[in-house]
Amino acid sequence: MVDSKLRDSFIESNLPLVHSLCKRFTGRGIEYDDLYQAGCIGLIKAADGFDEDRGLCFSTYAVPVILGEIRRMFRDGGSVKVSRSLKELSLKITRTKSVLELKLSREPTVNELATELGVTPEEITEAQSASQPTVSLTYESDDRTTQIDISVSGPEDLLTNKLLLERAFKHLNNIEQQIIRYRYFEYLTQNETATKLGMSQVQVSRAEKKILLKLRNVIGSVA
């Protein structure tokens, strides 16, 4: 999962990804704002479920999750159905995960499931997302139906976050800045980042955790 102190900024920085995916579904009978709302739910799920230690690029993990939420909206409205192959893959994932958990004595990673089933990590993520229950944005209170709003920061908040990050970055050395840029702005995997910087994946992973802690402390002291 993304570091909690940077979570909101991380989600906001990836909102353009939601917009780009929503554009694929315009003109199909659902308002763009509704598509965007569903895509934001997918982005939040992806940010909270992402594990950088698995070596996946965030966008590789997030795109199927976001698409899953958007397609779920069509599916629930009867316009688009989840494919039989996706349903079958979801069942295979459930069975394979149980087998691998016994074998590995831990929960298998997305890459391990993909290798075992002979599919891509993206297909694993999309199938898992499609099998998740729908997240409702409304709930029934005693007297009325209440709408849960998704908070989207305005220009002032985005500017404030940008200034905070820029100030925090001044506390990082050149290598630390490069690691953050490659990992969180260019969405490279830890292995790809390691190759560019002449480091090992383990070194990048350890450095990244220390950098995030440093940024969290700096931002916390000036926020």
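Here are some questions and answers on this predicted model.

Me: Is the pair of Phe 10 and Phe 58 stacked, tilted or edge-to-face?

Reply: The two ring centres are 4.7 Å apart, and the planes make an angle of 75°. Planes over 60 degrees apart fall in one class, so the pair of Phe 10 and Phe 58 is edge-to-face.

Me: Thanks! Which parts does that pair tie together, and how far apart are they in sequence?

Reply: Phe 10 belongs to helix α1 (residues 7–13), whereas Phe 58 belongs to helix α4 (residues 58–77). Both Phe 10 and Phe 58 are buried. The pair therefore links α1 with α4, parts whose separation in sequence is 48 residues.

Me: And what kind of pair do Phe 50 and Tyr 61 form?

Reply: Phe 50 lies in the loop between α3 (32–49) and α4, and Tyr 61 in helix α4, so this pair ties together parts that are 11 residues apart in sequence. Phe 50 and Tyr 61 are buried. Their centres are 5.9 Å apart with 50° between the planes, which makes the pair tilted.

Me: Which residues form one aromatic cluster?

Reply: Phe 10 pairs with Phe 58, and Phe 50 pairs with Tyr 61. The members of the one cluster are Phe 10, Phe 50, Phe 58 and Tyr 61.

Me: Now the helices: are α9 and α10 parallel, antiparallel, perpendicular or oblique to each other?

Reply: The axes of α9 (residues 174–185) and α10 (residues 190–197) come within 10 Å and cross at roughly 140°. The crossing is right-handed. Roughly antiparallel would need an angle over 145 degrees, and α9 and α10 are therefore oblique.

Me: Is Thr 193 buried or exposed?

Reply: Thr 193 sits in helix α10 and is among the α10 residues that meet α9. Leaving aside neighbours within four places in sequence, it contacts Ile 179, Tyr 182, Arg 183, Leu 188 and Val 204. Its relative accessibility is 0%, so Thr 193 counts as buried.

Me: One last point: how far is the charged end of Arg 181 from the centre of the ring of Tyr 182?

Reply: Tyr 182 is one of the α9 residues that meet α10. The charged end of Arg 181 sits over the Tyr 182 ring, at a distance from its centre of 4.8 Å.

Notes
Residues numbered from 1 in each chain as written. Predicted model: local features only at pLDDT ≥ 70, side-chain atom pairs only at ≥ 80, totals over all residues. Heavy atoms only, no water. Phe/Tyr/Trp six-rings, centres within 6.5 Å; stacked < 30°, edge-to-face > 60°. Helix = DSSP H or I, 4+ residues; strand = E, 2+ residues; numbered from the N terminus. Buried < 20%, exposed > 50% of the residue type's maximum accessible area, 1.4 Å probe, protein only. Lys NZ or Arg CZ within 6 Å of the ring centre and 35° of its normal. Axes fitted to C-alpha atoms, helices over the stretch in contact; angles between N-to-C directions. Parallel < 35°, antiparallel > 145°, perpendicular 65-115°, else oblique. Left-handed = near helix turned anticlockwise from the far one by under 90°. Contact = heavy atoms within 4.5 Å.
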